[in-house]
Amino acid sequence: YGPTLTKISKSRAGPQHRVTDTRVRLMRPGLRLLLAASAVLCNLAAAPLWAQGRIIEDVVASEQRGYVSVSLLFSCTLRYLSHTPATDGEAVQVRFSAGPDCGRATASEPPPLLAGAAGYVRSIDLVRPFGSDVQVLIGWSRAETFVLTPSMDGRLLRVRLLRAQIAAGDREGTAPGRFDPTR
């Protein structure tokens, strides 16, 4: 029956002790074992799901004055090691060292969603060749000149796609302050 609470009281009728059974069953041993086993199985089942999550959580691009900022948000700590090519090309390969919070390498990494960077990023491929190495290959929509700036905490990589600064008036040839003889 498992642990119970029992109330013992003395009777005035004699020296004998009478046991009044007010047993409250706290939990049956079988039920306790079943709950413990299910908790262990849930933890074992959740560990591979956690390890198979996306390493790249989000990819976002925003236009700034003179550049486009492409940000890769990571779900775990990735320490920046190097990238090639150095400043320009149709793609860039970035090498990282995965932190312990990234889990073990899995055979299939789900591809990141690129909706937030459409028009700038063609593709992103993530490969974990061996150990804690992580390689991210970012394919641009066109040949780009770029600068990489990894974050200090290892959760973000910013890539600035450099653009030529064109003033609004220069597009039409009538920038403010310029003399236009036809007017």
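Tutor: Read along the sequence, the chain follows the pattern β-β-α-β-β-β-β-β-β-β-α, which comes to 2 helices and 9 strands. Please keep in mind throughout that this is a predicted model.

Student: How should I read the largest nonpolar core, and which of its residues touch the most other members?

Tutor: The general idea is that in soluble globular proteins nonpolar side chains tend to be buried together. Here the largest nonpolar core holds 29 residues, and V70, L72, V136 and W140 touch the most other members. The elements that give two or more residues to this core are β3 (56-64), β4 (67-74), β6 (88-98), β7 (121-127), β8 (133-150) and β9 (156-162), with β8 giving the most, namely 6 residues. To see one member in its setting, take V136, which, once neighbours within four places in sequence are left aside, is in contact with I56, L72, V92, Q93, V94, F96, I124, D125 and L126.

Student: Which aromatic rings pair with each other, and why is the pair of F74 and F96 called edge-to-face?

Tutor: One reads a ring pair from the distance between centres and the angle between planes, with planes over 60 degrees apart counting as edge-to-face. The whole structure has 3 aromatic pairs. The rings of F74 and F96 have their centres 5.3 Å apart and their planes at 70 degrees, so this pair is edge-to-face. Because F74 lies in strand β4 and F96 in strand β6, the pair ties together parts that are 22 residues apart in sequence. F74 is buried, with a relative accessible area of 3%, and F96 is buried as well, at 2%. A tilted pair is formed by W140 and F146, at 6.2 Å centre to centre and with 40 degrees between the planes; W140 counts as buried at 0% relative accessibility, and F146 is buried at 1%. Ring pairs also link F74, Y80 and F96 into a cluster. A charge over a ring is a separate matter: R160 lies over the face of Y67, at 4.3 Å from the ring centre.

Student: How many disulfides are there, and which parts of the chain does the pair link?

Tutor: A search of the whole structure finds 1 disulfide, formed by C76 and C102 with their sulfur atoms 2.0 Å apart. The link is right-handed, with 95 degrees about the S-S bond. C76 sits in the loop between β4 and β5 (78-84) and C102 in the loop between β6 and β7, so that the pair links distant parts of the chain, 26 residues apart. C76 is buried, with a relative accessible area of 2%, and C102 is buried at 5%.

How values were computed. Residues are numbered from 1 along each chain as its sequence is written. This is a predicted model: local features need pLDDT of at least 70, side-chain atom pairs count only at pLDDT 80 or more; totals for chains, interfaces and linings use all residues. Side-chain values use heavy atoms; hydrogens and water are left out. A nonpolar core is a set of buried Ala, Val, Leu, Ile, Met, Phe, Trp, Tyr and Cys residues joined through side-chain atoms within 4.5 Å. Buried means under 20% relative accessible area, exposed over 50%, partly exposed in between (1.4 Å probe, protein chains only). Helices (H or I, at least four residues) and strands (E, at least two) are DSSP runs, numbered from the N terminus. Contact means heavy atoms within 4.5 Å. A disulfide is a pair of cysteine sulfur atoms within 2.5 Å. Rings of Phe, Tyr and Trp (its six-membered ring) pair if their centres lie within 6.5 Å; planes under 30 degrees apart count as stacked, over 60 as edge-to-face and the rest as tilted. A charge sits over a ring if NZ of Lys or CZ of Arg is within 6 Å of the ring centre and within 35 degrees of the ring normal.
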